[in-house]
Amino acid sequence: MKNLLKSTLAILGALVAFTSCNNSANSGGKSGALASNIAEKVYVAPGEHDEFYAFISGGYSGNLTVYGLPSGRMFKEIPVFSQFPTSGYGYSEETKPMLNTSHGFIPWGDSHHPDISQTNGEIDGRFIFINENNTPRIAKIDLTTFETTEIIEVPNSAGNHSSSFVTENTEYVVAGTRFSVPVPQRDMPISEYKGNFQGALSFISVEPEHGHMDIKFQLLMPGFNYDLSHPGRGKSHGWFFFTTYNTEEANTLLEVNASQNDKDFIAAINWKKIEEYVNNGGGTMMPAEYAHNVYDEVTHTATSTMKKEVRVVNPSDVPGAVYFLPTPKSPHGCDVDPSGEYIVGNGKLSANLTVHSFTKMLDAIENKKFDGEAYGIPILKFEDVLAGSVEQPGLGPLHTEFDGEGNAYTTFFISSEVVKWKLGTWEVIDRKPTYYSVGHLTIPGGNSRKPQGKYMFAMNKITKDRYLPTGPELEHSAQLYDISGDKMELLLDFPTHGEPHYAAAMRADIIKERSKKIYSLAENNHDYAAKSDADTKVVRKGNEVHIYMTTIRSHFSPDNIEGIKVGDKVYFHVTNLEQDFDVPHGFAVLGQNTSELLIMPGQTKSSVWEPTKVGVWPFYCTDFCSALHQEMQGYIRVSPANSNVPLKWSMGENIE
Amino acid sequence: MKTIKLMFLVFAIAVFVSSCKNETKDASTTSTVTTTENKPAERTGQAFIEDDESKPTVLNIAMGSKDHTTLVAAVQAAQLENALVNAGPLMVFAPTNNAFAALPDGTVEDLLKPENKDALANILKYHVTPGNYSKDFLKKFKKLGQANNQYVKVEVIDGEPIIGGAKILASIKAGNGIVHVVDKVLLPPTE
């Protein structure tokens with residue numbers, strides 16, 4: 001009897017399980033997290049690491065943020081083009097030169113498209129490059145230290161938007177102008193834009209060992225807007241492709257005037273051919289002014305050099321190097337598939353996606369299938385370069401990424417969705433909504449021959465109700481999708497910082513192994529380093545006072561300083577003597593007109609203080625460094641300008 | 001009765017087989033998650049972080065010294081490893097094996113017994129100052145506040161700092177402080 005009861009219960013239980021299964025299938029369609037284990041797919045247990053790094057541009061923050069995938073956790077904000085009080089970047093004497101330009105010191109930038117360095121067409125995780133849109137610059141970030149180590153200004157450019165994409169051996173990082181301008185800049189009527197303004201596409205060479213950047217040449221193109229770009233790869237390595245809009249060359253109300261032509265162009269640039277021309281002395285050196293800022297990890301100091309000329313190349317001087325591929329309706333994204341065969345141009349105002357064939361392009365060039373020319377540049381016949389088009393996939397196509405298995409994923413701003421489609425057959429396989437109005441999307445290993453797949457994330461421009469409200473200003477939202485199956489699956493919604501435009505992502509293992517833990521104190525070659533207490537001193541040069549100071553848990557040396565006068569310019573040169581992972585010290589002094597310093601183990605950083613008031617002012621460590629952090633403080637005595645208080649410094653006198 | 005059992009089995013299998021697509025697809029994810037759940041238990045704190053770039057911690061230094069095997073055994077018996085790799089700062093007065101051997105017979109063996117763990121920890125903490133000072137700088141002190149809440153006397157004899165009657169034989173800078181090798185075990189004052 002007992003057994004009978006048991007089995008009846010079991011059968012009942014099984015029946016319940018059966019029906020609940022049906023329920024879960026239903027709720028699965030409504031993204032019921034528990035029903036289909038979605039939560040587990042993004043869960044990274046405490047202490048465990050994410051599988052991928054994502055480097056997401058900060059847009060108007062000027063910076064680059066580092067995230068983990070699939071958790072969507074933010075690990076770091078790397079300051080690039082903007083002053084960053086959190087670390088003192090752009091405030092410390094050592095890093096101020098990083099933000100120097102031909103327009104003077106600029107405390108802010110608009111960062112857009114990060115791209116990771118490559119070797120043989122694969123992401124190598126050594127450097128990441130990112131463009132500044134407003135005052136055209138390209139930055140290099142070293143992925144061993146996650147610090148910005150170089151920034152080069154781009155002359156003759158304006159709205160540096162079709163940037164900063166690297167070729168498959170990081171031969172070049174390429175920066176194209178969005179706004180055409182007079183080249184060289186001059187005083188002229190705006191209405192004379194047409195035929196007079198030019199668009200510079202800059203090929204910045206990258207020295208293999210340290211990644212040092214140098215503008216090899218600038219191609220001076222017709223006065224269109226160069227919107228986005230990507231390198232050829234595999235069979236199309238050696239070419240670079242740029243979308244253009246405003247081929248109408250309008251200078252006012254572009255929303256109407258730049259939408260007149262039925263087709264604009266994708267410009268195809270044979271950079272190998274131009275490189276050869278330049279290597280043989282081609283092009284002309286033109287006077288220019290642009291800053292090249294380099295951060296040295298041994299002196300912990302940046303230097304800014306003003307360059308005085310740049311090599312420019314006129315496309316008509318290098319026949320066979322530049323062609324135009326007609327592409328409908330103001331194309332925005334310009335994306336090349338992993339094989340290098342397909343070039344996707346997403347016409348913002350077109351209902352279809354246009355895909356060009358590299359093979360057909362070469363054939364059209366060889367057989368001179370031209371449809372006229374623009375400013376001496378041959379226009380290839382649309383039908384002869386077209387590989388196919390994706391019909392009516394959505395509204396407002398922007399950007400495309402690839403999974404390495406023959407599929408492409410395109411974002412649609414107006415219809416707020418990502419559409420998965422097949423290369424070659426152009427059929428739509430799946431579509432998933434985004435929240436809301438998606439811009440770029442990223443697949444780890446994108447812009448390479450070997451995308452790493454697994455996940456895709458969409459970066460949206462509009463957040464509205466996705467999170468708890470925070471007043472009128474909201475952080476932008478991103479959505480993470482699992483793309484390992486036929487259909488995309490929404491896994492996670494996470495807030496991002498600033499305005500993410502593009503992002504670069506890759507498997508974590510390579511970067512993780514190389515990440516630096518400390519700077520070697522022995523190798524510190526800073527001019528004002530104090531490598532032990534014996535090196536500490538205070539030196540007066542007129543009204544300049546240099547304090548050579550050290551920090552170690554949990555004191556400053558010296559921590560009592562006297563003999564400073566109102567009107568002095570006081571430099572605190574603080575060396576962190578620690579050689580222990582993750583033990584920075586901070587420095588701040590009352591009334592300082594700049595940010596604190598955050599000094600990494602083995603590093604020296606300097607802060608200027610110009611005291612305006614007589615008194616005894618405290619300074620302290622701003623980073624909770626140790627058990628005795630609250631004791632890590634000191635005093636500096638400021639006397640009247642005419643006082644005779646002698647210069648004196650000490651630490652640890654009169655211990656009770 | 002047996003048939004009923006069998007029926008139940010058949011039923012259960014049928015339910016399993018007919019379960020919806022979503023669940024079968026997710027079966028693999030569930031199993032991977034279970035394995036990750038077991039991992040964190042192996043790690044027990046900062047003492048176990050792999051780091052060959054940073055300067056060794058005070059614990060690394062003691063463990064790497066053949067003159068300090070007794071001290072290390074004592075630290076392990078008192079389970080103080082994680083405290084010695086902490087951000088500190090830590091100044092450790094590290095008695096040599098000879099210093100321990102100079103204690104009355106049986107003292108060390110006694111202290112290493114599990115029931116004397118607290119007494120041992122108290123003695124060991126009396127060898128640790130929250131701070132980081134060179135041998136020379138120690139001459140400025142009259143006493144040092146130790147991690148067990150008691151003070152140890154500092155004297156200067158023949159130009160050398162003497163800590164609780166012990167001489168400093170050598171000093172080694174550590175990532176999270178400093179190790180001063182001493183020739184005597186410091187015994188906390190009893191009151």
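In this predicted model, the centres of domain 1 of chain A and domain 2 of chain A, taken over C-alpha atoms, are separated by 43 Å. The domain assignment of chain A places domain 1 at residues 52-514 and domain 2 at residues 533-650. Contact between the two involves eight residues of domain 1 of chain A and 11 residues of domain 2 of chain A. On the domain 1 side of chain A, the residues touching domain 2 of chain A divide by class into two nonpolar, four polar and two charged.

In chain B, the UniProt record, an unreviewed entry, lists residues 55-186 as "domain: FAS1". Helix makes up 26% of the span 55-186 of chain B and strand 28%, and the C-alpha atoms at its ends lie 27 Å apart.

Chain B also holds a helix pair, H4 (residues 69-77) and H7 (residues 117-125), whose axes come within 9 Å and cross at roughly 125°. The crossing of H4(B) and H7(B) is left-handed. Where H4(B) meets H7(B), the contact has five nonpolar residues, no polar ones and one charged. The residues on each side are as follows.

| Helix | Residues in the contact |
|---|---|
| H4(B) | B:Ala74, B:Val75, B:Ala77 |
| H7(B) | B:Lys117, B:Leu120, B:Leu124 |

Conventions. Residues are numbered from 1 along each chain as its sequence is written. Chains are lettered from A and ligands numbered from 1 in the order in which they are written. This is a predicted model: local features need pLDDT of at least 70, side-chain atom pairs count only at pLDDT 80 or more; totals for chains, interfaces and linings use all residues. UniProt positions are given in the numbering used here, feature names are shortened, and annotations may be inferred rather than shown by experiment. Helices (H or I, at least four residues) and strands (E, at least two) are DSSP runs, numbered from the N terminus. Domain bounds come from an automatic or database domain assignment. Two residues are in contact if their C-beta atoms, placed from the backbone, lie within 7 Å. Ala, Val, Leu, Ile, Met, Phe, Trp, Tyr, Cys and Pro count as nonpolar, Asp, Glu, Lys and Arg as charged, and the others, Gly among them, as polar. Axes are lines fitted to C-alpha atoms, for helices over the stretch in contact, and angles run from 0 to 180 degrees between N-to-C directions. A crossing is left-handed if the near helix is turned anticlockwise from the far one by less than a right angle, and right-handed if clockwise.
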